[in-house]
Structures are given as structure tokens and as C-alpha cells.
Amino acid sequence: MAVGLFQTGQYALDIGGSSVVALSVTGKADHLKLRACHEWAIPAGLVVDGEIAEPDLFTRELRTWVNRNKLRGRGVHLAVSNQKVIVRNIDMPDLPEAELLSAIQLQAQEYIPIPVDEVVLDSQILGRRFEADGTARQEVLLVAAQRTMIMNMLNAVRHAGLKVLGIDVSSLALLRALIPDEPFLPQPGEGSVCRGLVDVSSSVSTLAVVVDGMLKFTRVINFSSDRFARSLAESRKIPQEDASVLVERVGLPGPLPADIEFYRDEVVEETQSGLTQVASELAEEIVRSFDYFQAQERSAAVSQLILSGRGALVRNLDAYLAERLAMPVAVANPLVHIAENASSVPDAALVAMAPSLSVALGLVLPERN
């Protein structure tokens, strides 16, 4: 499911509903150099709810970028997150690897709502534990993705002139990008650290719960960052481009003041009121997800949320969620993994867009042991 260290010329692609992010890095995990960073807008309707809905039109858009940057034949790593990707943590006997894989294939249908012969299956052993009677069990991460959806993505990218080197689920990429490595020997008295991740992209929102650096729960929410601007555009009857500016310059009420130099008080009030309603929808989905996770056996209480994706750029959304969820909310900074910026993007611009680079940067980092 995860990629290894990148080689020169390889790219990571994070395909959203209104834009695509592409990154290229070189070096080892402890000293990555950012070689290229691109983000370009794509027309609405090509990617819907995390799926490529118009493969031919999407291929045409991607091919234009490939040809403009002379990247034909380059290898790319992709991320996928939508309702046709199922991620489950399952409990299995402690078996040799070959026997475990066979057992997972036989039992997979118990855990996924899609017929097994219609999906691509993958799995990863997360850890081992012992029951009270001394019996060893293994926790396994099971990933099942609808084959047709995956093939649509593969074919669209290949027909654009690129080689697909691997596909990873967005939640695992987010874990690698945003969760610090756990110490080999925890400090005495330290309990489990349970963090939530929410990546609000321009297509869907990917929610994950990570306990001690291990993915424990994943859910895909059909809520995009574009919903904020789209709601304003509809209510105020203005172009979506203008609404997007309001989202970033006015945003929600909070510690970061609105840019009142350019907007009248009534515009600020109406904008903040409308965006608060949209943010409330997202908060309710997050609360529902955390409640579901915490109702499971042996689950821990989520103590912190990390917010990433384009949604993290909505002014004061982090402060709003912190109040609604009654927990600290941090805005993601995946750039901590980059030692040197050798791209054409200035450092300041890179920092400004950092939260939206989380999935792509997670694709370039090696899988954790």
C-alpha cells in the first residue's frame, strides 16, 4: 500500500475535485529535497466525490499539464479516497504470512459490502497482541477498493502519458505526513496518544483516527472544501471565484480578524453566518465519526485533531472546530519533512499552501515499520 523512497523524476499526484496537486522530491526520508510543486485547477464535474467521473475529459486536462512540463513517460504515485474504498481493522489469528494472506482472502467478504470478486484487496499487519489465555492475535489493516473505480483512475492517468507506479489510500498517506514517529521506548507513565486527522480536500474529506502511530479507523465524508465557497456563491449570488476570496479573507468568526479594509460590516456578518452553517455540517460529521470509533471495544478517546487539505485554509475553521469538538485543533504542516526547497515555488507561497500538500507529501514518505 505504501511507496518506497522516491527516485529522480517520479511524482506524487493528489487528484481533487477542483484541482490536482503534484509533487516531486529526491533524497532520503531524513533529508528530502522538493524538486517540483504544481497545483492547477480542473473544470468542475471531472472528479466527483473522489472518483474520476469523466475519464476522457480528465485525461485531456492531465495530458495538457504533462505535455507543458515535458513529463511524458514519468512515473507517478496516486492517492485514492472515496466511498468505494473500504478500510477496516480486522482481528486475525497469529499465522505465518502465506497462511494469513489466504485467510484474509477467504474472510474478506465478512468485512466489506462489495463482492470480493469486484475489488482489489490489500492488507498490512499492524501489530500483535496476546489474549488472557496466552493466545496470540494479529491486527490487520484490510483495504478493499472497487476494481472498476481503480481501473478508471489508472487508465485516465496512463492515457495522459504517465506511468502509474503505485496507489495508496489517502488515510495512510496522511498518517505518514502528519503523525510524528512514536518513540521506540515510551516514557514511563505515558498513556496511548489518540489523534484524529481530517483532510478536507476539494473532492471529499478523509477522516482517520491514529493511536500511537497506528491507523485504527478511517471514514470518507462527502464534504469538500469547495462547499464553503459554493454556499456563499449561491446565497450571495456572486461568482464562485469571489466567494473563494471571501472564504480566505473573511472566513468564520474567530481569533484571526476578517479583512475589514475591503469589506463592509454587513458583508462580513453575512459571510461569517453562512460559513458557520457550513462548518457546522462538517463538525457534526466529525463528532459522529469520533463517537462511532469510541463506542468500539478497546478504543481510546480522541484527544487532538489535525486539520489538513484546502479546508484548513478557511479562515478560523481550526478555531471553530476546536470549540465545537472541545479539543485542540492544529493546522497541518507536512513541510516539516522537507529539508530543502529546490522548486520554483517561493518559500512563502509554499508555506501558505502547506496544509493542502499533506496527501501528496505523505505519498513520498516510506511506510512505517
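This is a predicted model: local features need pLDDT of at least 70, side-chain atom pairs count only at pLDDT 80 or more; totals for chains, interfaces and linings use all residues.
Next I looked up burial. Of the 369 residues in the protein, 50% count as buried, taking buried as under 20% relative accessible area.

Then I went through the secondary structure and found 10 helices and 16 strands. How compact is the protein for its length? Its radius of gyration is 21 Å, close to the 21 Å that the globule rule gives for 369 residues, so the protein is as compact as a globular protein of that length. I also noted the box that its C-alpha atoms fill, roughly 70 × 50 × 40 Å along the principal axes.

I was curious about contacts along the sequence, too. Taking the contacts between residues at least 6 apart in sequence, I see that 64% join residues at least 24 apart.

Now for one helix pair. Two packed helices are described by the angle between their axes and the distance between those axes. I picked α5 (residues 226-236) and α6 (residues 240-249), whose axes come within 8 Å and cross at roughly 120°. Which hand does the crossing of α5 and α6 have? I noted it as right-handed.

Last, I listed who meets whom. From α5 come D226, F228, A229, R230, L232, A233 and R236; on the α6 side they meet Q240, A243, S244, L246 and V247. By type, the residues of this contact divide into 7 nonpolar, 2 polar and 3 charged.

Terms used: Residues are numbered from 1 along each chain as its sequence is written. Side-chain values use heavy atoms; hydrogens and water are left out. Axes are lines fitted to C-alpha atoms, for helices over the stretch in contact, and angles run from 0 to 180 degrees between N-to-C directions. Helices (H or I, at least four residues) and strands (E, at least two) are DSSP runs, numbered from the N terminus. A crossing is left-handed if the near helix is turned anticlockwise from the far one by less than a right angle, and right-handed if clockwise. Contact means heavy atoms within 4.5 Å. Ala, Val, Leu, Ile, Met, Phe, Trp, Tyr, Cys and Pro count as nonpolar, Asp, Glu, Lys and Arg as charged, and the others, Gly among them, as polar. The radius of gyration is taken over C-alpha atoms; the globule rule is 2.2 Å times the number of residues to the power 0.38. Buried means under 20% relative accessible area, exposed over 50%, partly exposed in between (1.4 Å probe, protein chains only).
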